Structures are given as C-alpha cells and as structure tokens.
Amino acid sequence: MSKLTFENVSRYYGETCAVADLNLTVSDGEFLTLLGPSGCGKTTSLRMVSGFVEPTSGRIFIGDADITNVLPEKRSIGLVFQNYALFPHMTVGENVTFGLKMAKVGKAEQETRLKEALKLVQLEGLVDRMPRELSGGQQQRVALARSLILRPNVLLLDEPFGALDKQLRDYMRAELRALQIELGITTIFVTHDQDEAMSMSDRICIMNHGHVNQIGTPEEVYRTPANKFIAEFMGQSNILPANIVGSGGKMVTIRVAGATLEIDAPSYMDSEQPEVLIRPERISLQPPKGTGAKAKVIDKQYFGSLIEYAVESQDGTTLSVTAATNNSNHEPSEGDMVMLDIDASAVFVLPQREASHRP
Amino acid sequence: MKANKRSMTLLLPALVLYLITFTAPLVVLLVLSFGRFDKSITTLGFHLDGYIKFFEPTYLRVFFDTFFISVYITFFCLILSFPVAILMRRVQPFMKNIILFCVISPLLTSIIVRNSAWMLVLGNQGIINQFADYIGLNDVLRDMGLISRFAGLPLMNNVFGVVLGTVHVYLPFMVLPIYASLSAINPSIEESARNLGASSMQLFRNITWPLSLPGVIAGCTLVFILSMGLYVTPVIMGGNKVVTIPMIITGLVRDRYNWPTASAFSVMLLITILFTVYVSRLLQRSVKV
Ligand SMILES: Nc1ncnc2c1ncn2[C@@H]1O[C@H](COP(=O)(O)OP(=O)(O)OP(=O)(O)O)[C@@H](O)[C@H]1O
Ligand SMILES: [Mg+2]
C-alpha cells in the first residue's frame with residue numbers, strides 16, 4: 001500500500017543538477033537509507049517527496065497514487081528535520097498534537113493518541129515542558145512523535161541524529177530502528193555516515209553527484225561495491241592494482257601486492273590489469289615463513305579492540321590491515337617482516353566503470 | 001574589575017551629555033509642573049493646578065482623542081506592515097533591499113515636505129478630488145447631500161488625513177521590528193507545520209503570527225508612543241479639526257507662557273508613555289517565544 005516510487009525524477013537548480021534521473025522503489029515497510037557525501041542530492045530527494053521542492057521532471061508515487069503535484073500539507077508524509085524544527089512557543093503536548101489539531105480531530109481522540117505517541121517514544125511525563133527545556137535526544141523524540149501520531153504512509157528522516165553526541169546517537173539508532181520495525185512504516189533515512197547506514201538499513205542507496213551509484217543491502221554494498229567510489233566510501237579499503245597472470249575456465253590467477261591468488265573470474269572483467277578491493281580485516285599477518293608474500297610493518301596503531309597496521313609489500317604497495325586483538329593472533333611490531341595471508345574469497349574485482357558519471 | 005573601571009571612564013562623556021540633555025530638563029519639567037500660574041506669573045511650590053486642569057472635560061477629551069488617534073495609527077501601521085514584512089522575507093535579497101528602501105524613504109525627507117505632498121494629493125484641489133470631479137463622482141455626492149457644495153471628498157483636515165499622513169511616516173518603525181522577528185523564524189519550522197497538515201491560514205494563525213509577536217509588540221509600542229507625541233501632522237493635515245495633547249502643550253507655552261500647566265500636561269503624557277512601555281513589557285513576557 002505505502003510503497004514509494006521515484007520515476008525518472010530529476011531536479012536542476014539552474015545549471016546545477018541536484019538529482020539526476022532517480023529511479024527507486026522503496027517497498028512497503030522497508031527502511032531505506034540514502035547515503036552519500038555532502039551535496040550529492042539526498043536532502044533534495046527527500047524534499048521532493050515531502051513536496052517542498054518540485055521535481056524538474058519525473059514523477060513520485062505513494063502506492064499507486066501520483067503525488068508529484070499534491071500540496072505538502074496534503075501528502076500524509078512524516079518528516080523529521082535535522083534541527084527538529086519543534087514549535088518553540090508550544091509545549092511538548094501541543095507540538096505532538098499539532099497535526100491532529102490541524103485536521104480538527106476531536107479533543108478526546110487527541111488525548112488518547114497523544115498518550116500513545118508519547119509512550120511510543122518514551123516521553124510520558126514531559127507533556128507540559130517547552131521544547132527549550134528538553135535535551136537534544138528528547139527534542140528528537142518529540143519531533144518523531146509529532147510525525148508518527150498522524151500515522152503517515154511514509155516517514156522521512158534527514159540526518160536526524162546529526163546534532164547528537166555519539167553515545168546518544170547509537171542509542172537513538174537502535175531505538176528508531178526498533179520502532180520502525182514495530183510500526184512497519186516505510187522509511188527513507190538520510191545520512192552521510194556509513195556506519196549509521198550499515199547498522200540500520202534494509203537497503204542502502206548510495207548517491208554521488210546526484211546519481212544513484214548502487215542500491216543494495218548493507219552487505220552487498222560493502223562486499224560487492226559497484227565502483228571504486230563506493231568501495232572507498234563504505235568503510236576502510238585497500239584498492240590495489242592487480243595483474244592477471246593466468247586463467248583457466250571460471251578461475252583466474254592474479255598477482256596483487258606480491259601475492260599470487262586464484263580467484264573466481266567475474267563476468268564483467270575485461271581488463272588485464274583490473275583493480276581489486278581487499279578489506280583490511282580480510283588480510284591477516286603471519287610470521288614470515290614459507291613462500292607467501294612478504295611485507296614489512298611500517299606503522300601500528302592500537303585501538304583497544306583492534307589494531308591497525310600499515311604494511312609495505314615487496315613490490316612497494318602499501319596496504320592497511322586490521323586485526324582483532326585476541327590472544328591467538330600474531331601481533332608483529334613496527335619494522336617486523338610478516339607474511340601476508342590473503343583469502344582468495346576476500347578479493348573483489350572492481351567493475352571498470354568510472355566511479356561516478358559526472359553530469 | 002580593573003578593565004571594568006576603565007570602560008566606565010569611557011562612558012563618562014556620554015553620561016555627562018545624558019545628564020545635561022535628558023535628566024536636567026526632566027527635573028526642570030517636574031519642578032515646573034507643580035508650580036502655579038496666576039495672572040501671568042509663575043510661582044514654584046507644590047500645587048496641583050496643572051494636573052487638575054488636565055482632568056477638566058475639555059482637556060481629557062483631547063487626551064482621549066490623541067489616544068484613539070494613536071490607536072488607529074498603530075492599528076493601520078500594523079495591518080499595512082505585516083504583508084510588507086512577509087514579502088521582504090520571501091523575495092530575493094535584491095528585491096528585499098528595494099522594498100526596504102521604499103519603506104525607509106519617508107524618514108529621509110522632512111515631515112513637513114511629506115505632509116505637504118499629501119495636501120497635493122488629498123486636498124480639495126488635490127489629485128484625487130480633481131479626478132473625482134472629472135468623473136462626476138463629487139457632483140453625484142453633492143446632489144445626494146453627502147458632501148458640502150464647495151468641498152470635495154473629505155480626505156484631509158480630519159482624523160483620516162492625520163492618520164494617513166502619520167501612518168506613512170511611521171511605517172518603518174513597524175515594518176522593521178516585524179521583519180526582524182519574522183526572519184528569526186527558522187524556515188524549517190514553517191515547513192514542518194505544513195508537513196503536519198497546516199493550510200496557509202492555519203500556518204499563519206498557529207505559527208507565523210505567534211512567533212512574530214515580539215516584533216509586533218515592539219513595533220506597536222514604538223508607533224503608539226511616537227503617535228502620542230503627534231504635533232506637526234495634525235497641524236498640517238488636521239486643519240484645526242484635530243487637536244492633540246502636544247498641540248495643547250505648545251499652545252500653552254507659546255501663546256500664554258503658562259509653563260506650569262504645560263509641564264503638568266507633559267508629565268501626564270510621559271506617564272502614559274511609561275505605562276505603555278510597562279504594558280508592552282508585560283506582553284513581551286507573556287508571549288512564549
Ligand atoms: N535552493 C537551492 N538552490 C540552489 N542550489 C541548491 C539548492 N538546494 C540544493 N542545491 C544544490 O543541490 C545539490 C544537492 O543539495 P542537497 O542539499 O540535496 O545535498 P545533500 O546530499 O543533502 O548534502 P548534505 O549532506 O550536505 O546535506 C548541491 O549541489 C546544492 O548546492
Ligand atoms: Mg542535506
């Protein structure tokens with residue numbers, strides 16, 4: 001019923017293209033994150049759904065209804081701003097029931113729904129406070145309750161946790177996600193924080209320069225990024241030049257960072273010198289013995305639960321490697337020679353397409 | 001503390017100036033207001049003659065006339081200014097500056113020039129009446145006995161003329177505080193109200209208007225206080241039909257050298273203004289912004 005569809009949606013500001021030909025379907029009850037660097041068109045996309053920005057071309061649907069030309073106040077879409085945008089002259093209760101009052105819902109029903117909504121976001125007891133008397137997290141929850149009380153078809157959140165400190169942010173993430181699952185509400189969440197996107201989303205839509213680069217589950221975009229931009233954007237990465245040294249059937253043999261590996265040949269590979277992605281946590285450092293690829297530890301940083309190494313292989317490439325700090329791991333020191341242990345399944349050949357098609 | 005003392009020294013010239021130009025006349029005014037005026041002789045003392053005179057029906061009426069004219073002026077300034085302030089907030093910066101200039105321009109010319117200009121527009125031989133004569137409107141009205149045989153539309157030499165002339169001059173004092181208040185409203189607050197289903201009217205009633213109240217109160221206070229001191233415009237555009245307290249005070253001093261009564265009236269005017277400021281502060285505190 002309340003799936004959301006973008007159909008060839010574009011938005012230009014003069015010559016600047018904020019969103020280019022966006023095609024996206026958010027299915028009913030899905031939590032989709034728009035992720036991308038600053039200025040890639042995330043906010044513009046949300047504002048087109050909420051009706052405050054008109055698409056230059058294309059159409060937007062909720063369910064089967066075309067809402068492209070519907071007034072913002074008639075769209076039944078919940079919107080939570082980064083700065084919360086609470087009404088400063090109204091109490092928490094008045095803020096939350098504002099939408100009901102506008103819709104001329106009866107007083108008795110307003111009361112019951114207010115109680116429900118405040119319970120949902122755990123704000124009972126703060127009904128009579130003014131927004132300025134609330135903490136950031138509490139204000140955030142008032143904003144959420146204010147939207148949810150109207151039972152919108154779709155919930156839009158634009159960097160809702162941007163103004164919170166890290167601990168509260170982590171807490172609110174978990175809480176929001178639990179709430180979203182409980183209510184089963186179709187949600188678009190905007191962030192430029194990849195951790196946030198990974199931990200909350202059903203699917204992530206990665207944008208760059210107004211273009212969608214990839215849509216997929218957190219695991220898909222992390223493991224099999226569509227291009228180098230995504231590989232670099234989603235967490236730490238080693239993107240290394242590789243040479244194909246042999247092929248047989250469905251397998252190819254490549255040399256990368258001094259190591260020779262036999263990997264599955266991807267269907268799209270057309271270059272003799274592809275770039276490959278190896279995540280730092282998929283490489284392990286072993287004591288230097290046998291014939292494996294050798295490297296030298298040039299930097300070591302300790303982060304409590306894990307250690308980050310920078311190593312230089314014999315062919316001069318620098319790689320970063322992360323290892324969990326547990327007793328069973330070999331923990332070399334700076335200057336030590338090590339052997340690189342790379343699992344063949346950890347090597348992902350990047351598609352050769354250019355990172356982002358700039359307009 | 002040391003730095004504080006030094007900055008206090010810097011305040012000294014201003015303080016002296018303030019004492020000479022503001023406090024001293026005020027003291028003189030207070031002392032004079034309790035004096036007695038008898039057979040053209042002023043004697044100081046503690047007499048309430050001036051104050052008692054203020055409450056005579058003739059003068060009390062003038063006071064209330066002044067008061068209500070000020071209320072009209074404030075009211076019309078407010079309803080004319082609000083749309084202007086809203087427009088200024090919506091348009092591009094360049095357009096905004098043009099509007100701002102138009103709003104402030106009355107302050108750039110002398111009040112006498114401005115009011116005289118209105119005479120050319122509103123007078124019996126003014127543009128509007130010439131036009132009304134030309135299209136025959138005035139003849140129709142004369143036949144119906146609505147306006148006198150020799151006059152045109154009564155656009156000045158009455159309260160209407162005075163209010164119009166004054167609103168024109170005081171508009172900036174209303175527009176600017178309201179604009180300041182409006183531009184302090186975060187646009188996302190209005191957007192979220194619309195997102196929650198508020199129509200344009202509901203948005204104005206529930207969000208824009210209450211959030212602009214500090215500016216509205218400030219503007220109304222300013223314009224009201226200024227209007228209570230109205231002198232030039234009623235003289236030029238009131239045509240002896242509109243009398244205000246400042247005109248009475250001037251008359252007392254200029255024609256009769258009656259300083260004590262004039263001072264007592266001034267003190268009463270001052271009290272009215274102080275009371276207005278007090279009410280305005282109460283109102284400011286009661287709006288929850
Ligand atoms: N009102 C506007 N006028 C002109 N250009 C605009 C306007 N709003 C956005 N843009 C441009 O459109 C592009 C996308 O902006 P948008 O706000 O959607 O980015 P974003 O992904 O939300 O970035 P951020 O993470 O910084 O919030 C930017 O290049 C921006 O400069
Ligand atoms: Mg944004």
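Tutor: What follows is a set of questions about terms, each answered by setting a value against its definition.

Tutor: This is a predicted model, in which local features need pLDDT of at least 70 and side-chain atom pairs count only at pLDDT 80 or more, whereas totals for chains, interfaces and linings use all residues. Residues are numbered from 1 along each chain as its sequence is written, chains are lettered from A and ligands numbered from 1 in the order in which they are written, and side-chain values use heavy atoms, with hydrogens and water left out.

Student: Why is Ala257(A) called buried?

Tutor: Buried means under 20% relative accessible area, exposed over 50%, and partly exposed in between, with a 1.4 Å probe and protein chains only. Ala257(A) has a relative accessibility of 4%, and therefore counts as buried. This residue is found in the loop between β13 (251-256) and β14 (259-264) of chain A, and its phi is near 50°, a positive value in a residue other than glycine.

Student: What makes Ser40(B) exposed?

Tutor: The relative accessible area of Ser40(B) is 62%, which is why it is called exposed. Ser40(B) also has a positive phi, about 65°, although it is not a glycine, and its place is in the loop between β1 (36-38) and β2 (41-43) of chain B.

Student: How do you know what counts as a helix or a strand in each chain?

Tutor: Both are DSSP runs numbered from the N terminus, helices being H or I with at least four residues and strands being E with at least two. By that rule chain A has eight helices and 21 strands, while chain B has 13 helices and two strands.

Student: What makes a set of residues a nonpolar core?

Tutor: The set must consist of buried Ala, Val, Leu, Ile, Met, Phe, Trp, Tyr and Cys residues joined through side-chain atoms within 4.5 Å. The largest such core has 66 residues, and those with the most contacts inside it are Leu4(A), Phe6(A), Phe98(A), Ile188(A), Ile73(B) and Ile207(B). Its largest share, eleven residues, comes from helix α8 (residues 159-183) of chain B. A second, separate core of 31 residues includes Phe31(A), Val105(A), Ala143(A) and Leu179(A). In soluble globular proteins, nonpolar side chains tend to be buried together.

Student: Which residues is Ile207(B) in contact with, leaving aside its neighbours within four places in sequence?

Tutor: Contact means heavy atoms within 4.5 Å. On the chain A side the partners of Ile207(B) are Phe87(A), His89(A), Met90(A) and Phe98(A), and on the chain B side they are Ile189(B), Glu190(B), Ala193(B) and Gln202(B).

Student: What makes domain 1 and domain 2 of chain A separate entries?

Tutor: Domain bounds come from an automatic or database domain assignment, and here chain A is divided into domain 1 (4-228) and domain 2 (238-349). Their C-alpha centres lie 40 Å apart, and the contact takes six residues from domain 1 and seven residues from domain 2.

Student: How much of each chain counts as buried?

Tutor: Of the 359 residues of chain A, 52% count as buried, and of the 289 residues of chain B, 40% do.
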